[in-house]
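Please examine the following structure.

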Amino acid sequence: MTTTLHAASALFTASTGAEPTGLWSAPGRVNLIGEHTDYNDGFVLPFAIPHRTVAAVGPRDDGRIRVASTFADAPVEVALDELDDLFPTPTGDAPRVPEWAAYPLGVAWALRRAGVTGHGVDIAITSDVPVGAGLSSSAAIEGATASALNDLWAAGLDRTALARIGRTAENEAVGAPTGIMDQMASMLGEPDAAIFLDCRSLEAEPVPVGVVEAGLAILVIDTRVAHAHSTGGYRERRASCELGARTLGVASLRDVSVDDLDRARELLDDVTFRRVRHVVTENQRVLDTVRTLRAQGARGIGDLLVASHASMRDDFEISVPELDTAVDAALAAGAIGARMTGGGFGGAAIALIERDAEAAVTDAVRAAFSASVFADPEVFTVTPSAGARRDA
Ligand code: ADP
Ligand code: MG
């Protein structure tokens, strides 16, 4: 983390010759459970991870915004007044700036559209959140930028409002049709807690996970199969959910309960039914997980994680062989529970394990990947961590 802060400051100074006014950071997230429920107005239970994206920011006096990132060869610079010509990005089109720059510039644009603006800014971005791994480096870059501009432009927006700004940037400037979960987790994360979020009301409540007290750990297995949100499968799944809700005569799948599934089976084609069944049962699993965490602690949620993975693999069909291998190998090596996390089609899996089993589970997963001739996965542990903040 300290390295990322120094690197952001150094990048700022290298590209402007000045010191930044401040450093703001926001974390990536892991979703404990509740996948593809956010855009169905449902429930999710993510937590912020220790990996963060840092924005070093300072003012300019020419009304322009320039963004630099260690991930990009060259900075991107536009007049703040020109942002309205660049965004929104028409559905299906690529942004008119390099895609990475559409995240921070999109945040500035979304703030202006919400009536907030100010002087020009230089922004230098560094990150240790793995990109495209399903750990939401996108929400992290949005959260860091939104927090910085909120302070520098004295906007006074609260964390939920800033999460909405990030989502607007991602949906309308980048053109990725994602829900609000990632941004809420990154903005509202708390040490040792997952965020139980009702995506309809945006009511959020921290739920202690107590992994450390229970002698457990959460392992992330990044398959290094890159997913791409803006494309294909994700859009298709959203369309199936909308079709299911329309056919069942409800505003969203949030309004369908497990008891309604028999009727849904009669009204829907097989594929749409299975998509609906995933969302409906997943919402219930989130509620069950919250109840179990409160009643028994983390040790009790293993079966819910496993059921969630099976539902994503068989009903929602968003897993890939690498994710199934990670989950199966972790469980075979004694994990209490495991599931793919994030939007699917690649990215990462998580495993809830006994803390002293880290080496054994890691080795088992690596061996299974090697036997299947998959690329070596990144495997590391995470603890629920703090949300967006000003660091300096
Ligand atoms: P995920 O959120 O799972 O990591 P996404 O596809 O949603 O994957 O977002 C990844 C994209 O976000 C990257 O391809 C890049 O465009 C942008 N991004 C994330 N972090 C940074 C960063 N530090 N610098 C520049 N762009 C970034
Ligand atoms: Mg993302």
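Aspartate 222 belongs to strand β9, which spans residues 216–222; strands (E, at least two residues) and helices (H or I, at least four) are DSSP runs numbered from the N terminus. The model is predicted, so that local features need pLDDT of at least 70 and side-chain atom pairs count only at pLDDT 80 or more, whereas totals for chains, interfaces and linings use all residues. Residues are numbered from 1 along each chain as its sequence is written, chains are lettered from A and ligands numbered from 1 in the order in which they are written, and side-chain values use heavy atoms, with hydrogens and water left out.

With a relative accessible area of 6%, aspartate 222 is buried (under 20%; exposed is over 50% and partly exposed lies in between, with a 1.4 Å probe and protein chains only). Leaving out residues up to four places away in sequence, aspartate 222 touches Pro130, Ala133, Gly347, Ala348, Pro377 and Glu378, a contact being heavy atoms within 4.5 Å. Its side chain also reaches the backbone nitrogen of arginine 224 at 2.8 Å. Aspartate 222 and glycine 132 are 90 residues apart in sequence, yet their C-alpha atoms are 9.7 Å apart in space.

Asparagine 283, in helix α9 (residues 270–296), is likewise buried, with a relative accessible area of 6%. A polar atom of the asparagine 283 side chain lies 2.9 Å from the backbone nitrogen of phenylalanine 43. Beyond four places in sequence, asparagine 283 is in contact with Thr37, Gly42, Phe43 and Arg254.

The sheet comes next. Six strands form an open, mixed sheet in the order β5-β4-β6-β3-β1-β13; two strands pair if DSSP finds at least two bridges between them. Because β5 (76–79) and β13 (389–390) each have a single partner strand, they stand at the edges, and one side of each is left without a neighbour in the sheet. Strands β4 (residues 64–69) and β6 (residues 120–127) pair in the parallel sense over five bridges. Alanine 68 has alanine 124 in β6 as its bridge partner. Helix α3 (residues 99–113) packs on the sheet, touching β4, β5 and β6, and its direction makes about 145° with that of β4 (angles run from 0 to 180 degrees between N-to-C directions, with axes fitted to C-alpha atoms, for helices over the stretch in contact). Helix α6 (residues 181–188) also packs on the sheet, touching β1 (22–31) and β3 (46–60).

How values were computed
Polar contact = N/O pair within 3.5 Å; in protein donor to acceptor, adjacent residues only side chain to side chain.
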